[in-house]
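User: I'm new to this one and would like to know how the labels get decided. Could you take me through it?
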Amino acid sequence: MVHWYRNVMSVIPKGKVKEVMAMLKAIHAGEDIVAAREKAVRVIEKLHTLRLTKAAELVEAAAEV
């Protein structure tokens, strides 16, 4: 999981790291796999709106959405 966080953070501008880290942690805080996948979908959409396409692709690949 740490490597996944680092991979995503490597494509994020430094000013967005805190915001994106909070979103990634929210995915893992899900009660079950269904809740985590639903949160992942919302995070991916948010990353696209922030124009962080590469990060969105990494999250999508790992989340199996």
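User: Let's start with a simple one: where is the place of Arg-51?

Analyst: Arg-51 sits in the loop between H3 and H4. Helices here are DSSP runs of H or I with at least four residues, strands are E runs of at least two, and both are numbered from the N terminus. Before going on: this is a predicted model, where local features need pLDDT of at least 70, side-chain atom pairs count only at pLDDT 80 or more, and totals for chains, interfaces and linings use all residues. Residues are numbered from 1 along each chain as its sequence is written, and side-chain values use heavy atoms, with hydrogens and water left out.

User: What makes Arg-51 count as exposed?

Analyst: The cut-offs are these: buried is under 20% relative accessible area, exposed is over 50%, and partly exposed is in between (1.4 Å probe, protein chains only). Arg-51 comes in at 75%, so it counts as exposed. Its phi is near 60 degrees, a positive value in a residue other than glycine.

User: And Lys-16, how do you know whether that residue is buried, exposed or partly exposed?

Analyst: Lys-16, in the loop between H1 and H2, has a relative accessible area of 29%, so partly exposed is the label.

User: Why is Val-8 called buried?

Analyst: Val-8 has 0% relative accessibility, so it counts as buried. This residue lies in helix H1. Leaving aside neighbours within four places in sequence, Val-8 is in contact (heavy atoms within 4.5 Å) with Val-20, Leu-24, Ala-55, Leu-58 and Val-59.

User: What about Ile-27: buried or exposed?

Analyst: Buried, with a relative accessible area of 8%. Ile-27 is in helix H2, and beyond its neighbours within four places in sequence it contacts Trp-4, Ala-36, Lys-39, Ala-40, Val-43 and Val-59.

User: What makes a set of residues a nonpolar core?

Analyst: The members must be buried Ala, Val, Leu, Ile, Met, Phe, Trp, Tyr or Cys residues, joined through side-chain atoms within 4.5 Å. The largest one here has 19 residues, and Trp-4, Val-8, Val-20, Leu-24, Ile-27, Leu-47 and Val-59 touch the most other members. Helices H1 (2–9), H2 (17–28), H3 (33–49) and H4 (53–63) each supply at least two residues of this core, with H3 giving the most, five.

User: How do you know that H1 and H4 are roughly antiparallel?

Analyst: They pack at an angle of about 155 degrees, with axes 9 Å apart. Angles over 145 count as roughly antiparallel, under 35 as roughly parallel, 65 to 115 as roughly perpendicular and the rest as oblique, so H1 is roughly antiparallel to H4. As for how that angle is taken, axes are lines fitted to C-alpha atoms, for helices over the stretch in contact, and angles run from 0 to 180 degrees between N-to-C directions. The contact is made by Trp-4, Asn-7 and Val-8 of H1 and Ala-55, Leu-58, Val-59 and Ala-62 of H4.

User: Last one: which residue forms a salt bridge with Lys-46?

Analyst: Glu-19 does, with the closest N and O atoms 4.0 Å apart. The rule asks for a side-chain nitrogen of Lys or Arg within 4 Å of a carboxyl oxygen of Asp or Glu, and by it the count comes to one salt bridge. Glu-19 lies in helix H2 and Lys-46 in helix H3, so the pair ties together parts 27 residues apart in sequence. Glu-19 is partly exposed at 33%, and so is Lys-46 at 36%.
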